[in-house]
Amino acid sequence: MDLMINGERRQIDVPSDMPVLWVLRDVLGMTGTKFGCGMALCGACTVQLDGQAIRSCVTPVSAAAGKAITTIEAIGATPVGKKVQAAWIALDVPQCGYCQSGQIMSASALLARNARPTDADIDAAMAGNICRCGTYGRVRAAIKRAANGASISGRGGR
Amino acid sequence: MTTVSRREFVTVVAAAGGGLLLGYRAEGAQRAASTATAVATAGTTAASFAPNAFIRIPPDGIVTLVMPQAEMGQGVYTALSMLLAEELEVAPGQIRLEHAPPDDKLYGNQFFGEQMTGASSSVRAFYEPLRRAGATARAMLVAAAAASWNVDPASCRAHKGVVTHTPTRRSLTYGVLAARAAALQVPDKVTLKDPKDFTLIGTPAKRLDTTGKVNGTAQFGIDVRLPGMLIATVAASPVLGGKVARLDEQKAKAMPGVRQIVRLDDGVAVVADHMWAAKQGLAALDIRWDDGPNAKLSTPDIVQGLAKASESPGVTARKDGDPESALAGAAKKVEAVYEAPFLAHVTMEPMNCTVHVRKDSCEVWTGSQVLSRARAAAAEVTGFPLEKVVVHNHLLGGGFGRRLEVDYVTQAVRIAKQVNAPVKVVWTREEDVQHDVYRSYYYDRMTAGLDARGTPVAWTHRIVGPAIIARYLPQAFKDGKDIDAVDGAVQLLYDIPAIQVEHVRHEEPVLNTGFWRGVGVTHNNFVVESFIDELAAASKQDPVAFRRTLLGKSPRAVAVLDLAAREGRWGKPLPSGRGRGVALLYSDWSTYLAQVAEVEVNASGDVRVHRIVCAVDCGRIVNPDIVKAQIESGVVYGISGAVWGEVTLKNGRVEQSNFHNYRVLRMNEAPQIEVHLVRNGEAPGGIGEPGTAVTAAALNNAIYAATGKRLRKLPLQSALALAAR
């Protein structure tokens, strides 16, 4: 099967029902995308398919054929992803960091289609990404910072 | 200025190595481990300076700090590096970090006598040792520079990795000085900086682990990749004590990618080329279990056992005055029973451990809060001596106490013993939720006496639950006293003349129980601060004012209470359906924390937390931004646990399995959280857990303020639904 991952064509030989998550992690060795629940409940495995945030743990690889897969390893190469990562660093968002690949992939997809998200937009886009370290306030602030350039200063809170 | 004597561990160690570079590749890690030879004697041309186990300075001048504690999000790598860097005089940008290898002697946490990251102890335990380690190294580098210029060391100054002779402005870098410093005697005494001269400690320095965590390169245990590595997933008996009865091995083996079925007494693992094949293979096994003796037990049976145990006295942990006669003479008696359920940790990174068992050695890659225990566990299973077991630690995708246990290491080594290749054992989320080492169910009996004016004259608190310390730290379990079971209850700050706190030990046969973020305090603070609120109501006094009058001997507690009340707009009107609750925390962490929570209970009875204000006095602050982050984090974890958290048993099986039925707080439900810090020079207090521990009571008291319903059982959402019936 031919896949387009981070702009590169990759040929893989796996069952067509194998979720994209395990293709990335266990076949291609791209471990930035994380396993959290296996049921599309936590968002740790979020990647982008043609720019749309999807849960790779329940997306069969056959559904990704012919589409562009973007993962955390390459999101920094997009203008939005670069801004999001910079905002995350500026506000020191991550704690344990395990969910952050998924948070960043969801946030980047949101900002790519909505440059000025409201709190409600952020809630809707990010409710599927669980963080047990409770970085939600900083994730929200970082999304706003990325949306506004560097106009939101300070750390934490909404 | 503080002058401290050299302690035993400040000696020139030949090798501090074996640790893993952050963001390493496993191949590199193996190299690092195998080259952990005598760095100080690696030849005169390339000698590294390693005056103690925490610092290595090779000739290239890149300062390597070896991190004795595990990084699980709490910011400890940054905070501990700041302690070292402050005294060593290096800039955060000049530092490279390594995970420490297992070694209790070099990296033991002084509170536990072993390498342990838990109990909010890292900064408290290492505040002085790491500063001393840094100061020792700096003094030697300065001495080496002074000797090479033949000048008085007092005329030299170290700054950002460079020693300068102030009068002549000559300078040498640490890298250049490393070999010369390595030849010097480690000084017996070093002088630590006066806190007023701190340039790093107390500042919101940037975290050192952020970059790898935003670009996918951070390496957690689950990310380990080794040549020839296989992936396994496992099903342990769903009932503790059960065994495999039968399974369909042929069907599983026929699945593409499945390599091997590994049978354990109490479980089965499927070893495969990738996780997808392993998962499908496991499902195809269609395992039938012999549930064993616990097959009929359910939560109500456990609660019944606890309730019965609560009728007998326990071991007294604190006794002031004569509570019995004080109660007999009280104008009013208030009694209550509080209950707190089993809780799962649900770290975002499911349990996992990679193991390669070779003919006469074993290598383990995992994320652990207790690395030396992980090594001992692997040695025990394989029968190899400790020195034949190498364990590599990683970043932890959440700890919360779950990774204080090594059950998943033991299990992975048992599996790997039967596999002729390195194997990564990864638990599914279902396995993780259903085979946790849970926060125990607790059952507490409270009694208080009030005099005619409503002032408390007696307080008795009987805690019923297991003695986790007896299993986990038996050397700390003395005279039947479990310091964890009564933590946060025994330090009651309120001026009440007669107080008794007891613990009735009651062990659970059907679930493994252990430490959960906030340990004993999480449960005790919920009980103590809910009950003191009941007393305020019984004496018709404002909850903040009532607490204040009882805190005459605790000015630091009064200060945080006042600060939280002010910033939390205590007493200001709120829309209907909303209420504010307050809770105060003090425990063995030595941190004072007051929280004001603003909660809404809507028309359909759903709890919604709108705003949380915390006032924190944790003594000397190493990094205020990390302290704030930890309180934000603790509060979110605390809300999940207090509002929805509950693991229940039916016929010996845990009923919850994944995030759909073990609900945790999400972005759209997260409140605004404000953290206000009190700055002072008191000894550092713990900060990783207080935010979690204080939240349940504040929320409970806010629900009372909003609805008039007094809840005495967690989780609050279920208790509220019951109260509404």
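This is a predicted model: local features need pLDDT of at least 70, side-chain atom pairs count only at pLDDT 80 or more; totals for chains, interfaces and linings use all residues.
1. A residue counts as buried here when its relative accessible area is under 20%. Asp625(B) comes in at 7% relative accessibility, so it is buried.

2. Now the interface as a whole. Chain B puts 61 residues into the contact and chain A puts in 53 residues. What is the area buried between chain B and chain A? About 4700 Å², and carbon and sulfur atoms give 57% of that.

3. On the polar side, there are 26 residue pairs in polar contact between chain B and chain A, counting pairs with both residues at pLDDT 80 or more. The elements giving two or more residues to chain B's side of the contact are α6 (210-214), α8 (275-285), β20 (423-426), α13 (429-434) and α18 (624-644). Of these, α18(B) gives the most, with nine residues. By class, that side of chain B has 27 nonpolar, 19 polar and 15 charged residues.

4. Five salt bridges turn up across the interface of chain B and chain A.

5. Over all chains the structure holds 46 salt bridges. One of them, within chain B, is Arg548(B) with Asp562(B), at 2.7 Å from N to O. Arg548(B) is in helix α16 (residues 543-549) and Asp562(B) in helix α17 (residues 555-567), so the pair ties together parts 14 residues apart in sequence. Both ends are partly exposed: Arg548(B) has a relative accessible area of 39%, and Asp562(B) has 29%.

6. Another chain B pair spans strands. Arg611(B) and Glu674(B) form a salt bridge with their closest N and O atoms 3.0 Å apart. Arg611(B) belongs to strand β26 (residues 607-617) and Glu674(B) to strand β29 (residues 672-677), so the link ties together parts that are 63 residues apart in sequence. Is Arg611(B) buried or exposed? Buried, with a relative accessible area of 6%. Over in chain A, salt bridges that share partners join Asp119(A), Asp123(A), Arg140(A) and Lys144(A) into one network.

7. On to the nonpolar packing. The largest nonpolar core has 277 residues, and those with the most contacts inside it are Trp88(A), Val163(B), Trp459(B) and Leu699(B). Helix α4 of chain B (residues 122-149) supplies the largest share of this core, 14 residues. A separate core has 16 residues, among them Leu247(B), Val268(B), Ala277(B) and Trp289(B).

8. Trp88(A) is worth a click. Leaving out residues up to four places away in sequence, Trp88(A) touches chain A residues including Val93(A), Pro94(A), Ile104(A), Ala107(A), Val139(A) and Ile143(A). Across in chain B, Trp88(A) touches Thr210(B) and Val214(B).

Terms used:
Residues are numbered from 1 along each chain as its sequence is written. Chains are lettered from A and ligands numbered from 1 in the order in which they are written. Side-chain values use heavy atoms; hydrogens and water are left out. Contact means heavy atoms within 4.5 Å. Buried area is the accessible area (1.4 Å probe) that two parts lose on being put together, summed over both. A salt bridge is a side-chain nitrogen of Lys or Arg within 4 Å of a carboxyl oxygen of Asp or Glu. A polar contact is a pair of N or O atoms within 3.5 Å; within protein, one must be able to donate a hydrogen and the other to accept it, and residues adjacent in sequence count only if both atoms are side-chain atoms. Helices (H or I, at least four residues) and strands (E, at least two) are DSSP runs, numbered from the N terminus. Ala, Val, Leu, Ile, Met, Phe, Trp, Tyr, Cys and Pro count as nonpolar, Asp, Glu, Lys and Arg as charged, and the others, Gly among them, as polar. Buried means under 20% relative accessible area, exposed over 50%, partly exposed in between (1.4 Å probe, protein chains only). A nonpolar core is a set of buried Ala, Val, Leu, Ile, Met, Phe, Trp, Tyr and Cys residues joined through side-chain atoms within 4.5 Å.
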